[in-house]
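Subject: Structure handover

Hello,

Here is the structure I promised to pass on. Please open it before you read the notes.

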Amino acid sequence: MTSHLTKPCRCHSGKSYQDCCYSIHQDVKLATRPEQLMRARYCAHELELVDFVVETYHPSCNAQEERNAIAESIAGNWCLLEVVSSEEGATPDEGFVTFNAYFTEDKRRYSMTEKSRFVRENGRWYYLDGEMYDFPLAVKKPGRNDPCLCGSGKKYKKCCG
């Protein structure tokens, strides 16, 4: 077993990567709930798994045609995920996950908040679309020697700082 499998999952679930998103990255059909797929998609952003992210868009999104733009967004410095809520849609084959995703750029922390819509077809969940929210983010910047907010266990200055 390789050591990265036993490290904390990048989706910040509190589980190891092996016990969380790894199996879904190997077989997307193992995501049985929208939140599982959303967490695996976020984790794929941190791990730069472009193929997985493209594959998990609903076919109507034509993600393959947007592959370069998707790869560019994945290449960002993603560092934290907070799931705000997970709810069912109008049918059992629709679900919503609201989350905050944090990234750093030019040594500043930013956040995006989205309510993502997922649909299930033939037993498989897909990301369909999302509604972005623009909330002001009041995150206290950690000190250089404080633990990094991303949960890596490193000091902020050696990680996202």
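This is a predicted model: local features need pLDDT of at least 70, side-chain atom pairs count only at pLDDT 80 or more; totals for chains, interfaces and linings use all residues.

Four of them make an open sheet in the order 1-2-3-4, and the pairing is antiparallel. The edges belong to strand 1 (77-88) and strand 4 (124-133). Each edge strand has a single partner, so one of its sides has no neighbour in the sheet. Direction ignored, neighbouring strands are turned by 30° against each other on average.

Now the pairs, one by one. Strand 1 and strand 2 (residues 94-105) run antiparallel and are joined by 10 bridges. To find this pair on screen, look for Trp78, whose bridge partner in strand 2 is Phe103.

Strand 2 and strand 3 are also antiparallel, with 12 bridges between them. Here Asn100 has Thr113 of strand 3 as its bridge partner. The two strands form a hairpin with 2 residues between them. In that turn, Asp106 has a positive phi of about 50°.

Strand 3 and strand 4 follow, antiparallel again, with 9 bridges.

**Helix and core**

What lies across the strands? Helix 2 (residues 34-47) lies across strand 1, strand 2, strand 3 (108-121) and strand 4. The helix runs at about 170° to strand 1.

The largest nonpolar core has 32 residues. Those that touch the most other members are Cys9, Cys11, Cys21, Leu37, Phe52 and Phe118. Two or more residues come from each of helix 2, helix 3 (50-55), helix 4 (67-74) and the strands 1, 2, 3 and 4. Helix 2 gives the largest share, with 6 residues.

Phe118 deserves a click. Sequence neighbours within four places aside, its contacts include Pro34, Leu37, Met38 and Arg41. Also among them are Asp93, Glu94, Gly95 and Val97. Trp125, Tyr126, Tyr127 and Leu128 complete the list.

**His58**

Is His58 buried or exposed? It is buried, because its relative accessible area is 11%, under the 20% cut-off. His58 sits in the loop between helix 3 and helix 4. Its side chain makes a polar contact of 2.8 Å with the side chain of Ser60. Another polar contact, also listed at 2.8 Å, links the His58 side chain to that of Glu121. Beyond four places in sequence, His58 is in contact with Val119, Glu121, Tyr126, Tyr127 and Leu128.

**The cysteines**

How many disulfides does the whole structure have? The search finds 0. A disulfide is a covalent bond between the sulfur atoms of two cysteines. Take Cys21 as a case. Its closest cysteine sulfur is that of Cys9, at 3.6 Å. That is too far for a bond, because the cut-off is 2.5 Å.

Cys21 is buried, with a relative accessible area of 1%. Cys61, in contrast, counts as partly exposed, because its relative accessibility is 25%.

Best wishes

Terms used: Residues are numbered from 1 along each chain as its sequence is written. Side-chain values use heavy atoms; hydrogens and water are left out. Two strands pair if DSSP finds at least two bridges between them. Helices (H or I, at least four residues) and strands (E, at least two) are DSSP runs, numbered from the N terminus. Axes are lines fitted to C-alpha atoms, for helices over the stretch in contact, and angles run from 0 to 180 degrees between N-to-C directions. Contact means heavy atoms within 4.5 Å. A nonpolar core is a set of buried Ala, Val, Leu, Ile, Met, Phe, Trp, Tyr and Cys residues joined through side-chain atoms within 4.5 Å. Buried means under 20% relative accessible area, exposed over 50%, partly exposed in between (1.4 Å probe, protein chains only). A polar contact is a pair of N or O atoms within 3.5 Å; within protein, one must be able to donate a hydrogen and the other to accept it, and residues adjacent in sequence count only if both atoms are side-chain atoms.
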